[in-house]
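Colleague: I am new to this structure and would like a close look at a single part of it. Please take me through that part slowly, and then through what surrounds it.

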Amino acid sequence: MNIRIGNGYDLHRLVAERPLILGGIEIPHHLGLLGHSDADVLTHAIMDAMLGALSLGDIGHYFPPTDPKWAGANSLVLLEQVHQLIQAQGWQINNIDSVIVAERPKLKPYIKAMRDRLALTLHLTSEQIGIKATTNEKLDAVGQEAAICAYAVILLSKTNS
C-alpha cells in the first residue's frame, strides 16, 4: 500500500495563567490550555494522526505525561520528532486537514500564522495544511469555554527511497 490515512484528536482544559498556544502560535487570551507540555491541541492532534496512519501508537507512548523530560515541552519540537519517525519509516506527508473547536477566542485572524508555522516545521507548503475553526454552539465543555479540542486527518504516501 502506497498511501495511508490517519486521524487524530486532542482536548485540553482551559485555565488561567497559562499561554494559549495553537499550531505553534501564542494567541492572546485570558485563558490557556492545561497540559504536561504546552498543551497545543492542534499540534497534538496532527501528531496522533501521523502516528495513527502508520499504526505507531499515539503521542503518549513517545512523550508520556509522567516523564518530567516533557514538562512544558514545545509541541513543535515534538512534532519534528514524530515527523522524523515517519520519514525514517519511508513516508512523507501529502496533506493535513484539521479543525479546532473553541468558543473563544475567535481564531480566524491566526489561522494563516498557524498554517505557516506548521508548514515550516514539517517542510511543507502552507497549501498542504488546512486549518478550520468552529464552535460547539455553547454545548458541552468546549462550548462552555472550559476546554478546546482539535481534530486532524493526514494523508501519507510512501517515498521512492
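Which strand and which helices each supply at least two residues of the lining of the largest pocket?

Modeller: The model is a predicted one, and everything that follows should be read with that in mind. The elements that each give at least two residues to the lining of the largest pocket are strand E1 (3-15), helix H1 and helix H2 (59-62). The pocket itself holds about 230 Å³ of space, and 17 residues line it, with Ser 37, His 44, Ile 59, Phe 63 and Pro 65 lying nearest its centre. Sorted by class, the lining consists of eight nonpolar, six polar and three charged residues.

In general, two packed helices are described by the angle between their axes and the distance between the axes, and both values can be given for each pair here. H1 packs with helix H3 at an angle of about 10°, and their axes are 10 Å apart; because angles under 35 degrees count as roughly parallel, H1 is roughly parallel to H3. On the H1 side the contact is made by Thr 43, His 44, Ile 46, Met 47, Met 50 and Leu 51, while H3 brings Ser 75, Leu 76, Leu 78, Leu 79, Val 82, His 83, Leu 85 and Ile 86. By class, ten residues of this contact of H1 with H3 are nonpolar and four are polar, with no charged residues. His 44 therefore links the two parts of this account, because it belongs to the contact of H1 with H3 and is also among the residues nearest the centre of the pocket, given that contact means heavy atoms within 4.5 Å.

Helix H1 (residues 41-53) also packs with helix H4 (residues 111-122), at an angle of about 40° and with the axes 12 Å apart, which means that H1 is oblique to H4. Their crossing is right-handed, and the residues that make the contact are Leu 42, Thr 43, Ile 46 and Met 50 of H1 together with Met 114, Leu 118 and Leu 122 of H4. Six of these residues are nonpolar and one is polar, and none is charged.

The remaining pair is that of helix H3 (residues 75-88) and H4, whose axes come within 9 Å and cross at roughly 45°, so H3 is oblique to H4. This crossing, too, is right-handed. Here Leu 76, Leu 79, Glu 80 and His 83 in H3 meet Arg 117, Leu 118, Thr 121 and Leu 122 in H4, and the contact of H3 with H4 divides into four nonpolar, two polar and two charged residues.

Two details of the backbone complete the picture. In the loop between strand E5 (91-101) and H4 lies Pro 105, and the peptide bond that leads from Arg 104 to Pro 105 is cis, with omega near -5°. Glu 17, placed in the loop between E1 and strand E2 (20-22), has a positive phi of about 60° although it is not a glycine.

How values were computed. Residues are numbered from 1 along each chain as its sequence is written. This is a predicted model: local features need pLDDT of at least 70, side-chain atom pairs count only at pLDDT 80 or more; totals for chains, interfaces and linings use all residues. Side-chain values use heavy atoms; hydrogens and water are left out. Axes are lines fitted to C-alpha atoms, for helices over the stretch in contact, and angles run from 0 to 180 degrees between N-to-C directions. Helices (H or I, at least four residues) and strands (E, at least two) are DSSP runs, numbered from the N terminus. Angles under 35 degrees count as roughly parallel, over 145 as roughly antiparallel, 65 to 115 as roughly perpendicular and the rest as oblique. A crossing is left-handed if the near helix is turned anticlockwise from the far one by less than a right angle, and right-handed if clockwise. Ala, Val, Leu, Ile, Met, Phe, Trp, Tyr, Cys and Pro count as nonpolar, Asp, Glu, Lys and Arg as charged, and the others, Gly among them, as polar. On a 1 Å grid over the protein atoms alone, a cavity is a set of points where a 1.4 Å probe fits but cannot get out, and a pocket is an open set with protein on both sides within 12 Å along at least five of seven lines; lining residues have an atom within 4 Å of a point. Grid points are joined across faces, edges and corners, and a volume is the space filled by probe spheres set on the points.
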